[in-house]
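Please keep the model open beside you as you read.

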Amino acid sequence: MQRSNLVVVAVAVVVIFCLVGVGLVYASYSQQEDNLQLRSNFNVSQAVEITMNDSVASDYMSRYFKEPDWRLTRTTFVQETPYDQNGTAMQANNIWKVEIMERSCACQKISDLYVLEGYVSADTGEVLEISKQKVSEREYDKQTCATTVCH
């Protein structure tokens with residue numbers, strides 16, 4: 001009986017060490033990513049503002065974005081080189097990907113989304129790419145529901 005208790009304790013210790021190790025690796029990675037974002041010249045809110053002030057984006061939003069309550073803005077800090085719609089590599093690293101999307105209705109079914117994607121250099125503030133599209137919410141991403149219950 002004592003030997004089985006010893007085995008259980010040993011397994012528990014190994015599991016705890018593994019969990020602590022994973023936590024330390026994740027914390028280290030997260031800290032490195034935060035440091036890169038802090039060292040960039042343009043922060044996330046500036047990237048969103050730059051995207052929204054772009055003439056193509058502004059025109060698209062004024063035409064199709066009508067209800068702020070149906071809207072979602074999501075940003076991602078991209079360190080690898082993204083590609084534009086033509087498959088050409090963008091000439092920058094450290095890029096903010098800004099996604100602004102709005103549902104076309106507040107109905108309980110899956111509806112269309114108006115999507116605006118902008119890529120902004122975190123170093124220069126230059127708009128590298130703006131794309132716009134109307135897609136089915138199902139095709140784009142289930143996490144796009146803003147304030148409505150749609151799934």
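1. **What you are looking at.** This is a predicted model, in which local features need pLDDT of at least 70 and side-chain atom pairs count only at pLDDT 80 or more, while totals for chains, interfaces and linings use all residues. Residues are numbered from 1 along each chain as its sequence is written, and side-chain values use heavy atoms, with hydrogens and water left out.

2. **The overall plan.** The chain has 4 helices and 4 strands; these are DSSP runs numbered from the N terminus, with at least four residues for helices (H or I) and at least two for strands (E). Starting at the N terminus, their order is α-α-α-β-β-β-β-α. Of the 151 residues, 30% count as buried, where buried means under 20% relative accessible area, exposed over 50% and partly exposed in between, with a 1.4 Å probe and protein chains only.

3. **The sheet.** The four strands form an open sheet in the order β1-β2-β3-β4, with antiparallel pairing; two strands pair if DSSP finds at least two bridges between them. At the edges are β1 and β4, each of which pairs on one side only. On average, neighbouring strands are turned by 15 degrees against each other, direction ignored. There are 9 bridges between β2 and β3, and β3 and β4 are also joined over 9 bridges. Leu113 is a handy landmark: Arg103 has Leu113 as its bridge partner in β3, and Leu113 stands opposite Val135 in β4.

4. Contact here means heavy atoms within 4.5 Å. The buried residues in α2 are Ala47, Val48 and Thr51. They lie on the same side of α2, because they cover an arc of only 100 degrees around the axis; the arc is that of the directions from the helix axis to the C-beta atoms. The helix α2 lies across β1, β2, β3 and β4, and runs at about 60 degrees to β2. Such angles run from 0 to 180 degrees between N-to-C directions, with axes fitted to C-alpha atoms, for helices over the stretch in contact.

5. **The core.** Which residues have the most contacts inside the largest nonpolar core? They are Phe65, Trp96, Val98, Ile100 and Leu116, in a core of 15 residues. A nonpolar core is a set of buried Ala, Val, Leu, Ile, Met, Phe, Trp, Tyr and Cys residues joined through side-chain atoms within 4.5 Å. Leaving out residues up to four places away in sequence, Leu116 touches residues including Thr51, Tyr60, Phe65, Val98 and Ile130.

6. Beyond its neighbours within four places in sequence, Ser111 is in contact with Arg103, Ser104, Cys105, Val135, Ser136 and Glu137. Ser111 and Val135 are 24 residues apart in sequence, and 8.6 Å apart in space from C-alpha to C-alpha.

7. **One turn to inspect.** The hairpin of β3 and β4 has 5 residues between the strands, and there Gly125 takes a positive phi near 80 degrees.
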